[in-house]
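Hello,

I am passing a structure on to you, and I hope you enjoy exploring it. Please open it first, and then read my notes below.

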Amino acid sequence: MAKDKNKNEITAKEPKDQSKKKKNTPRALPKKEGKADINEKRNAPKKSAPEKKDAPAFKVSAPQHKRRKKAGAKDLHGMSAAQKEAARLISLENKAEEKKQARAHAAELASKVSSPEKRGKRSEPPVHLKSHRHKGMKKPLGKLKVMCLGGLMEIGKNMTVIEYENDIVVVDCGLAFPDEEMPGVDLVIPDVSYLIQNADRVRGIFITHGHEDHIGAIPYVLQQLRAPIYGTRLSLGIIEGKLEEHSLPFHPALHTVEAGETVTAGAMRVEFIHVNHSIADACALAIHTPLGIVYHSGDFKLDVSPLDGQIMDLVRIGELGKEGVKLLLCESTNAERAGFTPSERTVGSSLERIFQQYESRRLIIATFSSNVHRVQQIINASYRHGRKVAVLGRSMINVIGAASELGYMDLPDGVLIDVSEMKRYRPEQITLITTGSQGEPMSALYRIAFSEHKDVKLASSDVVVLSAHAIPGNEKLIGKIVNALVQGGVKVVNDSVEDVHVSGHACKEEIKLLMALLRPEYYMPIHGEARHLYAGKEIGEFMGIPPANIFLSDIGKVLEIDADKAMLRGTVPSGKVMVDGAGVGDIGSVVLRDRKHLSEDGLVVVVATVDLSESMIMSGPDIVSRGFVYVKESEELMFEARCIVAKTLDGCLTRGMHDFVEIKAKIRDDLAKFIYKQTKRKPMILPIIMDL
Ligand SMILES: [Zn+2]
Ligand SMILES: [Zn+2]
């Protein structure tokens, strides 16, 4: 499989010069509005615009293969000398004698220009030269396969696989949190057996952003799959931190990519496109395939006044639309919500009001540690109001450390203090930033609320701000904390009182805007439960995508696309792999069923020792139960149960039964019947019989 060297090699980017650290410290943006200075660091692609005339109002586009040809022709313009030469050589391909030579030469040249470069400098995908247009006349284009291993019909564990012939590109590698059907499970990751079976074709895992539902499974998946990882700086910074906690059998290759850059992955090229989201450095991915572009939205929102001044790269997205987007994979988290998601800046004004209103009180603000911009706004407001900031919670401390080191946060001198220094200040001079906005039982906020925190004791003058919205399923946990806080006399401010939180996900209008710019031929809503995906489908139809071109899929289902059609066809292995402690995947449905059984009805253990040769009971039977009945108040029941077991066991022995499996089954049956008759309960019964 690895015969063709060029094809199997991801042209890895040179490690970035560390001195070129991020320069986008937060700066006031609104002044510049209208002149959106997105991606000032890039050269805007200087393209002649032969396509202007075919930029109709959004409608489903003409067959993409036609448009693609056009785009190809246009692209021949700004080529480098090497690329022109390669193209010239290709034009000779029909001349029989020169054909072979030209191919070899073109491939060689193409490989020379295929390193990832900033957009605008590069002008033509080298892979086209190498493998497609070249053979294209005779060999038809191959098939594109797109499948999700997670993130469809469920929230979390996002993972998408895009496959063209011999090459596989993986987008994201996230985890999900267990639901009530999975007692004791710590987290859930996707089943990646398809990727393990095809490991030699996996060109890389491309990360859209650093949220757990997009990166959380990496340490587990890398145990079984040696794939390089590509992502922006903050994403990789967070991943590195995670990898340090796990010992991997090898040193994983992490490649930093900046928005605007493209990585060659076999016959595909993966372009990172800046988007806004509730974590910095988030990207969408445009995967350029020989069949056209697959646009993966990642998680995104459109924020026209973002704190870091970097607006989602609408210009580039519009260009991609003109080039011809074959398939749009768009996140659907907020597809049910009308309108636009408000800017992160609106939270800033709410925070300002809160700081003014509670001038004389200590503020404890809980939010997501990954929302660097939110944390920055809290720090800014504290600084303006002459407060010192103490940070609580391991993940919060880690992220603030990494983000400020990488230049994503700007910490005014002396604003941060250690928790131990708090006593040197009056309460109104302090802001505490903490984890626990989702009610997590181990979090700092939880421990504060239940007076279990060693450094922070609540006072009734404290104000707790929950700068987050409950992730579905966490409402009860959060409610528990809020109840504990108000019972302690603390004022609680949450998003039902003030706009202390905005979503990081696109609402209906933003999804429409993306569709209008991209004009995709096919569309598959991703990231969401059925209701979110259906809402996404409706938006697509509203925007004029024919229903037959919209695919509501499920994990493991394969969307197969060729030059003139697309269809859901076949499946690959997929599912939930449960992680419990150090065990990955060893918890299966049987274990879960047992755990559920135990958690619902408890356990009854029967212990006895027998002498099979003498057909005699030597000791017991004894009965021990857990979670079944309160034994002290059920002595009679337990006594009768012992009699039942003794009778059954005696019967078995006198009849000369020697098979322990049979004896145990008989005990289980008889005891279960008795217990159900007496209690209408069905505990798990576990007979332990030993032979002397
Ligand atoms: Zn996200
Ligand atoms: Zn997400």
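Here is what was found, beginning with the whole chain and moving on to two details.

Please keep in mind that this is a predicted model. The protein chain has 692 residues, and 45% of them count as buried. If you take the contacts between residues at least 6 apart in sequence, 74% of them join residues at least 24 apart.

Now for a sheet. Find β4, β22 and β23: they form an open sheet of 3 strands in the order β4-β22-β23, and the pairing is antiparallel. From one strand to the next, the twist averages 50 degrees. Between β4 and β22 (residues 576–580) there are 4 bridges, and Ile189 stands opposite Val577 in β22.

Next, look at two helices, α11 (residues 345–357) and α12 (residues 372–384). Their axes come within 10 Å and cross at roughly 35 degrees, and the crossing is right-handed. On the α11 side, the contact is made by Val347, Gly348, Leu351, Glu352 and Phe355, while α12 brings Arg374, Gln377, Ile378 and Ala381. Which kinds of residue meet in the contact of α11 with α12? They divide into 5 nonpolar, 2 polar and 2 charged.

Methods
Residues numbered from 1 in each chain as written. Chains lettered and ligands numbered in written order. Predicted model: local features only at pLDDT ≥ 70, side-chain atom pairs only at ≥ 80, totals over all residues. Pairing = 2+ DSSP bridges. Axes fitted to C-alpha atoms, helices over the stretch in contact; angles between N-to-C directions. Left-handed = near helix turned anticlockwise from the far one by under 90°. Contact = placed C-beta atoms within 7 Å. Nonpolar A, V, L, I, M, F, W, Y, C, P; charged D, E, K, R; others polar. Buried ≥ 20, exposed ≤ 12 C-beta atoms within 10 Å, placed from the backbone.
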